Amino acid sequence: MFNAFSIVREVAGIVAGATAKVPAIENRFHISERLDGDWPEGPFLWLHGASLGECRMLMTLAGFLQQDLPNCPKILITTQKPEVVHFLKNSGKDIEAALAPADTPSSLAKFISKVKPIGLILGENELWPGYLSAMRRLSLKPSVAIVSGRFHRALPFLDYSSVGFAAMQTGADSNRIQSAFDGTCPAKAFIGGDWKLLSWAKSGKEVAAPENPSVDTAFLSMHFAEWASLSRMIISSIKHQESVVLVPRRLEEVETFRKALLEQELIVTEWPLVQKGAVALVTKFGLVPEILKMSRSAVVGGSFSLTLGVHDFWEPLQNGVATCVGPYSRGQRETVCTLVREGVLTQLQTTAGFADRNKADIRMVQSFLERERLKITESYQKLVDFLKDLLKAQG
């Protein structure tokens, strides 16, 4: 059955190759690059994440591994998003970055031949069947680690035998993937927390609210699909003469947001120009850390549309910013429910009461995140030990 699944993946690659001949699709998704690659010469320790949030976490992880892992190999981070590759390449970090190979037998064969991965670290839920099987063929010793793992259900024919480490975000994630392993995987899943907090956890810093914030509300990682809810919240903020910052999730939607804001007859500036009663629109990637240093409260996107997934709420929380999400928490439902129950995160079921929303007591946030710090630092050390054993086995 697995051979049949490999054939299906190869056929999908052929279809994708034909699609790549359409210029508009190729310009947006870089399909031919994912099929045939422009990958650097290895060997590398390969890290893979889906999008910006996961790759920022992996970039942080790479920096710590370069400090803590003796004779750390060169590090390559791959992702599905061309704009994220650009961000990683311009980060100034000692890493390589590239578009991830398509999950087809021929593309992965080209990738493996060029990159020569020593091991693979998967961020969150990037369990591509071909990636796992390719790493199984490369090494007798399990050489795949899952970090900050999220897991809901297994794909048919997924072979977990290459997985030797699985640090999952929650107990529910750990239980689900352990059940999927069903004794066929050498790894034992455990709770390791959300590694988007890794840099903060390793820093030893306490959570503290920003001093003298000039931004009243920062709307982070918003999709235009959320415009109906977003516009009501922004208008409410402006009526209260707040200073507002809007960070679109996708750069290609910046001008769409700008046009919609102007149609509402709102004053629109461009970040970093912030003023009361106006919306500062962010037009570049990677500016959220500096925005949060100046923010009193934050609203996290992806949570005001049923079909999207809630984005990174940990970043504002670790910066001491009162944080709010919408009614939907796809992909992070259990964590969001826990944070709301613990009084750490505010969840709006409607935008009607946005101006009067509750804001978490900073002491509740501090207490909860200290518990997360312990999970993350312990699971990180286990990863370092796993990689030491892997490198030792490979001589």
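Let's start with an arginine. Arg373 is buried, at a relative accessible area of 10%. Bear in mind that this is a predicted model. You'll find Arg373 in helix 15, which runs over residues 362-393. So what does the side chain of Arg373 reach? It gets to the backbone oxygen of Trp200, at 3.1 Å. There's also a polar contact between the side chains of Arg373 and Glu370, at 3.0 Å. If you set aside neighbours within four places in sequence, Arg373 is in contact with Trp200, Ala201, Ser203, Gly204, Lys205 and Glu206.

Okay, on to the nonpolar side of things. In soluble globular proteins, nonpolar side chains tend to be buried together. Here the largest nonpolar core has 53 residues, and the ones with the most contacts inside it are Leu61, Ile121, Trp195, Phe313 and Leu383. Which helix gives this core its largest share? That's helix 15 again, with 10 residues. Take Ile121 as one example: beyond four places in sequence, its contacts include Leu61, Leu65, Val147, Leu383 and Leu387. A separate core of 30 residues lies apart from that one, with Val144, Leu158, Ala166 and Ile177 among its members.

Now have a look at helix 6, residues 105-115, where Ser107, Leu108, Phe111, Ile112 and Val115 are buried. Looking down the axis, those buried residues fall within an arc of 130 degrees, so they line one face of helix 6. Just past the end of helix 6, Lys116 takes a positive phi of about 50 degrees.

Which brings me to the backbone. Most residues other than glycine have a negative phi, and most peptide bonds are trans. Asn71 isn't a glycine, yet its phi is positive, about 55 degrees. Asn71 sits in the loop between helix 4 (52-68) and strand 2 (75-79), and at 75% relative accessibility it counts as exposed. Gln241 also has a positive phi, of about 55 degrees. Its loop is the one between helix 10 (227-239) and strand 9 (244-248), and Gln241 is partly exposed, at 48% relative accessible area.

Last stop, the cis peptide bonds. One joins Gly42 and Pro43, with omega about 15 degrees, and Pro43 is in the loop between helix 3 (31-36) and strand 1 (44-48). Another joins Trp271 and Pro272, with omega about 20 degrees; Pro272 lies in the loop between strand 10 (267-270) and strand 11 (278-281).

Note on methods
Residues numbered from 1 in each chain as written. Predicted model: local features only at pLDDT ≥ 70, side-chain atom pairs only at ≥ 80, totals over all residues. Heavy atoms only, no water. Buried < 20%, exposed > 50% of the residue type's maximum accessible area, 1.4 Å probe, protein only. Helix = DSSP H or I, 4+ residues; strand = E, 2+ residues; numbered from the N terminus. Arc of directions from axis to C-beta. Polar contact = N/O pair within 3.5 Å; in protein donor to acceptor, adjacent residues only side chain to side chain. Contact = heavy atoms within 4.5 Å. Core = buried A, V, L, I, M, F, W, Y, C linked by side-chain atoms within 4.5 Å.
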